[in-house]
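Here is a short report on a fold and its ligand site. Look over the coordinates first, then read on.

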Amino acid sequence: MIRTVTTTPYGDQKPGTSGLRKKVPVFQQKNYAENFIQSIFDALEGFAGQTLVIGGDGRFYNREVIQIAIKMAAANGFGRVLVGRGGILSTPAASNVIRKYEAFGGIVLSASHNPGGPTEDFGIKYNIGNGGPAPEKVTDAIYARSQVIDTYKISDVADVNLDAEGTQEIDGMTVTVIDPVSDYATLMESLFDFDAIRKLISGGFRVVFDAMSAVTGPYAKEIIEKRLGAPKGSVMNFIPLPDFGGHHPDPNLVHARALYETMMAPDAPDFGAASDGDGDRNLVIGRGIFITPSDSLAMLAANAHLAPGYAKGLAGIARSMPTSGAADRVAEKLGIGLYETPTGWKFFGNLLDEGMATICGEESAGTGSNHVREKDGLWAVLLWLNILAVRKESALEIARKHWATYGRNYYSRHDYEEVDSDAANGLVAALRDQLSTLPGKSFGALKVATADDFAYNDPVDHSVSKNQGIRILFEGGSRVVFRLSGTGTSGATLRVYIERFEPDPARHDIDTQEALADLILVADEIAGIKTRTGRTEPSVIT
Ligand code: VG1
Ligand code: CO
């Protein structure tokens, strides 16, 4: 039986960089999730009888919202729901399922790298039929609807059994519980030379993967241990937990510290990697070398042709604006297009759909390709392994040779988390006010060449996205970028991105923070970070 329930709007349901993210207690308010899901459906057209994919990263509240979403999909007229067993689908796996089964779209429940648990974070994101995050015109329509919503529809039925694969029926809609891993593993096998990687591993090459008690555990177990033959124990923290074991499922040098230390030890394995809460990010560490995500994008792009799925070469590379220019040099050498987009995977969708870009990446540990429409953590790890298997060199050797060929883009991001919102907004406003006066000014040996607030004109649908980050470019190619995070759930997070290009191989062995020290000081001088936020140091340096 379908029920129409009267409701009142919540003012704060504006999707950010990647869907709506809030603390769990916010989502537990009466009708909060229902309002947002109904707003998604109300913003869409033409889904009657169509398929909707639903899955999440297994965090606290995942199962409850999945039941709500299934019952609301039935009441709103979808014909079929595909849901991952246990309510689990990694973000890239969900993207694949949407594409493979030609679904109308999907609802992905995740707050990605943010902590989980009763007082931590939850999120809901809508993905369109290409498998990618909804573009801004859709998220704007969802938000607009959420502001005036007065009813939602839901089927009054018992909960669906999420733990047994197979098909059930509710109110004229079929619900099929699918294996969350198999379609994804098949896709990976179609892209990479699993034989070559198996041979590498059976020859004694040691790989460790930290699933951080998040969604990639079952995927990594199946692919790395079962299909590629890595010894049992190579995949660590492989059981997805609702609170990620109390950890931050963020694969960076702070939250994946133990892996980093393992990889820097004298008896380190050959290759270490980790992924985040929902499986779309990657951390890649070779023995003795952390590969910074911007470099990883460039190195993967330069070597992708060594994997069967990319043997024909790349059509183009896309990166988010704050991501370093390392990939630009690879694109230049390959003679292919380079696209610079705002932060967030949704901006890559059109370029991938149009065949303009094959590989995309963000400095925030996100890399992916046209195989799905999300960034994909395990994909990046497998592409690295494929390249290592073919080149028969270590990650360290590959990185050194890459820098010798292209030069090195020293790069770091400094995050100031949970800063007072007014202080953060004031800082950005003050930067905007300086944009016209900065060019030509000198700070020590650094002279500002240009300064602007990044705006993106989508070359496919010609939509314009403004205010995407303050860029200050110095003569010689160094730069600092400032923007506020769109994924946080308390206060504001200021991100400062710092980059310097170094062509001289004799200077490729400097500590990153040291190589950027003068730029870090100038960033503070221009933005007044310390005085405005009261912080003397960033919370996280990556
Ligand atoms: C952050 C990253 C961005 C990424 C987004 C979603 O956004 O900077 O590059 O696309 O998270 O990643 P922001 O607005 O906080 O800077 V995930 O792994 O949360 O889906
Ligand atoms: Co993520």
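Two strands count as paired if DSSP finds at least two bridges between them. The model is a predicted one.

In general, sheet strands pair through backbone hydrogen bonds, in parallel or antiparallel fashion.

Strand 20 is joined to strand 21 (residues 446-453) by 2 bridges, and the two run antiparallel. Ser 442 has Lys 447 of strand 21 as its bridge partner.

**Ligand site.** How many residues surround ligand 1? The shell holds 18 residues. The closest are Thr 17, Ser 112, Ser 485, Gly 486 and Thr 487.

| Class in the shell of ligand 1 | Count |
|---|---|
| Nonpolar | 1 residue |
| Polar | 12 residues |

**Whole chain.** The chain contains 18 helices and 27 strands. Its C-alpha trace spans about 70 × 60 × 40 Å along the principal axes. The radius of gyration is 23 Å; a compact globule of 542 residues would have one near 24 Å, so the two agree. Of the 542 residues, 53% are buried. Among contacts with a separation of 6 or more, 73% link residues 24 or more positions apart.

Notes:
Residues are numbered from 1 along each chain as its sequence is written. Chains are lettered from A and ligands numbered from 1 in the order in which they are written. This is a predicted model: local features need pLDDT of at least 70, side-chain atom pairs count only at pLDDT 80 or more; totals for chains, interfaces and linings use all residues. A residue is near a molecule or strand if its C-beta atom, placed from the backbone, lies within 6 Å of it. Ala, Val, Leu, Ile, Met, Phe, Trp, Tyr, Cys and Pro count as nonpolar, Asp, Glu, Lys and Arg as charged, and the others, Gly among them, as polar. Helices (H or I, at least four residues) and strands (E, at least two) are DSSP runs, numbered from the N terminus. The radius of gyration is taken over C-alpha atoms; the globule rule is 2.2 Å times the number of residues to the power 0.38. A residue is buried if 20 or more other C-beta atoms lie within 10 Å of its own, exposed if 12 or fewer, and partly exposed in between; C-beta atoms are placed from the backbone. Two residues are in contact if their C-beta atoms, placed from the backbone, lie within 7 Å.
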